[in-house]
Structure formats: structure tokens, C-alpha cells
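Dear colleague,

Here is the structure I said I would pass on. My notes on what was found in it follow below.

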Amino acid sequence: MHPKARYLFIASMDVDPGKEALFNEVYDTEHVPLLLKVPGVLAVTRATLAPLAMTIGGETKTIVVEGEPRHSAIYELENAEVLTSPAWAAAVDQGRWPGQVRPFTRNRRHTLRKVMGR
């Protein structure tokens, strides 16, 4: 994690199956690079949901969270105000994302977490 990160913004969503390739291409080549130019955005990590099995109290359990979105992006931020800045507002509406990708996303969840101990 970036040493200046004070907040984690997590954007999670599903995408229509026929738009999966476009979603990944635009996210990686346009959306993330544009957001990384926003002052206060320190890093972005993309992730997809994976099966979870873990041992708790000596017993291995499979953990399933119903309805959890498949795709997530974790944005490391200097401060929470980044998300309401004019630069953020401009970046999220540039490129192909707003017209060719966003309409085909669903089950969207946005959360903000304050990094502890910093």
C-alpha cells in the first residue's frame, strides 16, 4: 500500500457477459490511467472475486457472500475529498467508460474505508 494512502475507495460491480472484454479493456487502458492522473489518487488495483475457503477454529469453511459483485477496483487515496474534486468528476466521465461501459454494469457497490494506524 502506498505510504501516503489514508483512504481506500472500493468500486465493485458486475458487467453484462457480452461486454466483459470491452469492460476489461476500457478499465485497464482508459479508466484507470485517467483516474491515476487525479491529484490524490495514489494507486489502483483491480481484482475479481475468487472462491474462498479458510480455516477458522480448526475447521475449514467455504465462505460465500450472496450477491457479491465479481469485479472490484481498489483506489488508494490521500484523502476522501478526492472523490468530490472537479478532477475526479471530469476523469470518471471521460473516454468510452460513461457511454460504452457504465450502462452495462450492474450490482454496483461503492465503499470508502479509512486506513487505520497512519
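A word on terms first: two strands pair if DSSP finds at least two bridges between them, and helices (H or I, at least four residues) and strands (E, at least two) are DSSP runs, numbered from the N terminus. The model is predicted, so local features need pLDDT of at least 70 and side-chain atom pairs count only at pLDDT 80 or more, while totals for chains, interfaces and linings use all residues. Residues are numbered from 1 along each chain as its sequence is written, and side-chain values use heavy atoms, with hydrogens and water left out.

Overall layout

The chain has three helices and six strands, in the order β-α-β-β-β-β-α-α-β from the N terminus. Its C-alpha atoms fill a box of roughly 50 × 40 × 20 Å along the principal axes. Of its 118 residues, 31% count as buried (under 20% relative accessible area; exposed is over 50%, partly exposed in between; 1.4 Å probe, protein chains only).

Strand S1

S1 covers residues 7-15, and seven of its nine residues are buried. S1 runs antiparallel to S5 (residues 71-77), with seven bridges between the two; Met 13 stands opposite His 71 there. S1 also runs antiparallel to S6 (residues 105-114), through eight bridges, and on that side Ile 10 stands opposite Thr 111.

Aromatic pairs

Six aromatic pairs turn up in a search of the whole structure. Rings of Phe, Tyr and Trp (its six-membered ring) pair if their centres lie within 6.5 Å; planes under 30 degrees apart count as stacked, over 60 as edge-to-face and the rest as tilted.

Tyr 75 and Trp 88 form an edge-to-face pair, at 5.7 Å centre to centre and 75° between the planes. Tyr 75 is in strand S5 and Trp 88 in helix H2 (residues 86-92), 13 residues apart. Tyr 75 and Trp 88 are both buried. Ring pairs also bring in Phe 9, giving a cluster of Phe 9, Tyr 75 and Trp 88.

Charges over rings

Lys 19 lies over the face of Phe 104, at 4.4 Å from the ring centre, and Arg 46 over the face of Tyr 27, at 4.5 Å. The criterion is NZ of Lys or CZ of Arg within 6 Å of the ring centre and within 35 degrees of the ring normal.

Gly 95

Gly 95 sits in the loop between H2 and H3 and is exposed, with a relative accessible area of 54%.

Largest pocket

A pocket is, on a 1 Å grid over the protein atoms alone, an open set of points where a 1.4 Å probe fits, with protein on both sides within 12 Å along at least five of seven lines; lining residues have an atom within 4 Å of a point. The largest pocket has a volume of about 160 Å³ (the space filled by probe spheres set on the points, which are joined across faces, edges and corners). Leu 49, Ala 50, Pro 51, Leu 52, Ile 63, Val 64, Val 65 and Glu 68 line the largest pocket.

Regards
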